[in-house]
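I opened a notebook page for this structure. The entries below follow the order in which I looked things up.

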Amino acid sequence: MEDRRASAPRLICWRRLDVDGLELLELTRHSDGVSVRSSLICVEGGPFRLEHAWELTADWRALSLRVERWDDHGRRTVRLERDGDGWRVDGERRPDLDGAEEPDLSVTPFCNTSVLRRVPAVEGASLTVDVAYVHGADLNVARSRQRYDYKAPGLYRYIDLGLSAGFEADLRVDEEGLVLSYEHLFERVPR
């Protein structure tokens, strides 16, 4: 049996700023990676509940993402799994996602962390990545592009260059790169 010693889970809560919504995320470090489980409820476009689960490597690169959504239309799920330099979506290889570095789930600020952790913390640093964007409303998956600019310790600028081109926001993060505030959209609930 594989030994996956785990740290005590860390709980993080975010609230939406643009609509009524709340998320509770549980992050657990293992000897070989990171596991994340999260539940959120929101009223954007009608009330819904969404759960997402991530498996990450020790350096915070996503191996898989499973999303489950319940709303007036019933229950839907989608699963992304890293496949070399690309992704499988619900078991099917998606060549259009080749080279997409990470998944980006629209309804949570957690998805920004894996990319933010790779932006050099030096003045003028920037990182542009393609992502496998999961739209929280319908769970469709599409390729998109985004850029993160380092502004100051714990402060980054997010610039969407893809599906939501023109959207920009400042992100304040803690020492691990987990979002404290995401301009216009999310803020961490203080403990």
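**Entry 1: Charged pairs**

I began with Glu102, which counts as buried at 1% relative accessibility (buried is under 20% relative accessible area, exposed over 50%, partly exposed in between, with a 1.4 Å probe and protein chains only). The model is predicted, so local features need pLDDT of at least 70 and side-chain atom pairs count only at pLDDT 80 or more, while totals for chains, interfaces and linings use all residues. Residues are numbered from 1 along each chain as its sequence is written, and side-chain values use heavy atoms, with hydrogens and water left out.

Which residue forms a salt bridge with Glu102? I found Arg61, with the closest N and O atoms 3.7 Å apart (a salt bridge is a side-chain nitrogen of Lys or Arg within 4 Å of a carboxyl oxygen of Asp or Glu). Arg61 lies in the loop between strand S4 (48–57) and strand S5 (62–71) and Glu102 in strand S9 (residues 102–105), so the pair ties together parts 41 residues apart in sequence. Strands here are DSSP runs of E, at least two residues, and helices are runs of H or I, at least four, both numbered from the N terminus. Arg61 is partly exposed, at 25% relative accessibility.

I then looked up Arg157 and Asp170, whose side chains meet in a salt bridge at 3.1 Å, N to O. Arg157 lies in strand S12 (residues 155–160) and Asp170 in strand S13 (residues 168–173), so this pair ties together parts 13 residues apart in sequence. I also noted one network, in which salt bridges that share partners join Arg10, Arg29, Asp174, Glu176 and Arg188. The count comes to 30 salt bridges.

**Entry 2: Aromatic rings**

I searched the whole structure and found eight aromatic pairs (rings of Phe, Tyr and Trp, the last by its six-membered ring, pair if their centres lie within 6.5 Å; planes under 30 degrees apart are stacked, over 60 edge-to-face, the rest tilted). Trp60 and Phe110 have ring centres 6.5 Å apart and planes at 40°, so the pair is tilted. Trp60 lies in the loop between S4 and S5 and Phe110 in the loop between S9 and helix H1 (113–116), so the pair ties together parts 50 residues apart in sequence. Trp60 is buried, with a relative accessible area of 3%, and Phe110 counts as buried at 3% relative accessibility.

I wrote down one aromatic cluster, formed by Tyr148, Tyr158, Phe167, Tyr182 and Phe186.

How many cavities of 30 Å³ or more does the structure hold? I found one. On a 1 Å grid over the protein atoms alone, a cavity is a set of points where a 1.4 Å probe fits but cannot get out, and a pocket is an open set with protein on both sides within 12 Å along at least five of seven lines; lining residues have an atom within 4 Å of a point. Grid points are joined across faces, edges and corners, and a volume is the space filled by probe spheres set on the points.

The largest cavity has a volume of about 50 Å³. Its lining includes Trp14, Arg16, Glu23 and Phe186.

The largest pocket has a volume of about 410 Å³. It is lined by 23 residues, of which Ser106, Val107, Tyr133, Ser164 and Leu185 lie nearest its centre. S9 and S12 are the elements that give two or more residues to this lining.
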